Amino acid sequence: MKRSLKTCVAFASVASLVTACIGPAAEQARAAEPRAELSVHDAWARTADSGATTAVYFTLVNTSATPDTLTAITTAEAEESGMHMSMQQGTMMRMAAVRALPVPGKDSLHFAPLGAHAMLMRMRRAVVPGDTVAVTLSFSSGQALEVRAGVRAR
Amino acid sequence: MDPPAAAPPLSATRADGATTTLADAKGEVVALYFGYTHCPDVCPTTMADWARAKRALGADTVRVRFIFVSVDPGRDTPEIVQAYARQFDAAFTGLVTTDAQLALLRRDWGMPVYPEGDPRTRDYTVAHPAHTYVVDREGRTRLMIPPGTRGEEIAQDLRRLR
């Protein structure tokens, strides 16, 4: 069953806080800089026991022409987290840690089973369908997106 | 796979501590997956597809055994793997290889299973086979089902062999 999940997105804009404090001229300069318009859709996480490993999947959409780079996925829900890519090599499956993923302008990135995923290691609590898992996506531009991933049954 | 060849020997450890072998399942169709419970993506995706396959088979599942074999004796215990397998379906079996059983698995099945990252930490990953191996009632390896195969398709494959 495919479930459409409501995704809560907040722009933690360090840049706008800074420009608010340094006057109109700088603000105009800052406003003129193109900024990627990023949003996350269909975020979901897999059911997990406390202490277990799980994954978060989503689609990241850039509706602007300005590229950005996804540099980190962090969460308070697990002791460790990171971006990983599953790769099949011949008859074997491997995983590679990913340090940065470019998000081209007018494009989207799909985090999906058997591909890119946010890996959450040693979950601090069990999560079951009905729960949400909060993760933060950080970008090289300084933007950050807060994502609430709905938990799906395995 | 044509012609079907006898599956290599497989020995692993059950939650009750006993050693079990693939030969013990002769007379039944066996779906086998070699993974690890800390695997966040491919293993649970495959187990979820197995669960859908089992539901699609319905009463036809009687002669099919679904066995998840952990190739991560460093972190997985037989109890952990059995509980992991049962989260997907109460009838699934979870086994773990000891270091010695894993060495035999590498040799007999030609599987280059190995940890990646620092195994002294708790956060290493394990390179493991991608496919579900299907062994028929005569103990011959008949199918290798790729990851990402939908449950209904797995059910069709298994139905042909049961």
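**View 1. Residues lining the largest cavity of the predicted model.** The lining of the largest cavity is made up of A:Ser86, A:Met93, A:Arg94 and A:Met95 together with B:Tyr36, B:Cys39, B:Val42, B:Val126 and B:His128, where a cavity is a set of points, on a 1 Å grid over the protein atoms alone, at which a 1.4 Å probe fits but cannot get out, and lining residues have an atom within 4 Å of a point. Two or more of these residues come from each of strand S5 (92–98) of chain A and strand S8 (125–129) of chain B, strands being DSSP runs (E, at least two residues) numbered from the N terminus. S5(A) gives the largest share, three residues. By class, the lining divides into six nonpolar, two polar and one charged residue, with Ala, Val, Leu, Ile, Met, Phe, Trp, Tyr, Cys and Pro counted as nonpolar, Asp, Glu, Lys and Arg as charged, and the others, Gly among them, as polar.

This is a predicted model in which local features need pLDDT of at least 70 and side-chain atom pairs count only at pLDDT 80 or more, while totals for chains, interfaces and linings use all residues. Residues are numbered from 1 along each chain as its sequence is written, chains are lettered from A in the order in which they are written, and side-chain values use heavy atoms, without hydrogens and water.

**View 2. The interface of chain A and chain B.** The contact (heavy atoms within 4.5 Å) takes 24 residues from chain A and 27 residues from chain B. The two chains bury about 2,100 Å² between them, 55% of it on carbon and sulfur atoms, the buried area being the accessible area (1.4 Å probe) lost on putting the two parts together, summed over both. A:Met92, A:Met93 and A:Arg154 supply 31% of the area that chain A buries against chain B, more than any other three residues.

**View 3. The salt bridge of A:Arg94 and B:Glu116.** The side chains of these two residues meet at 2.4 Å, N to O, under a rule that asks for a side-chain nitrogen of Lys or Arg within 4 Å of a carboxyl oxygen of Asp or Glu. Across the interface of chain A and chain B, this rule finds three salt bridges.

Conventions
1 Å grid on protein atoms, 1.4 Å probe; cavity = no way out; pocket = protein on both sides within 12 Å on 5 of 7 lines; lining within 4 Å. Helix = DSSP H or I, 4+ residues; strand = E, 2+ residues; numbered from the N terminus.
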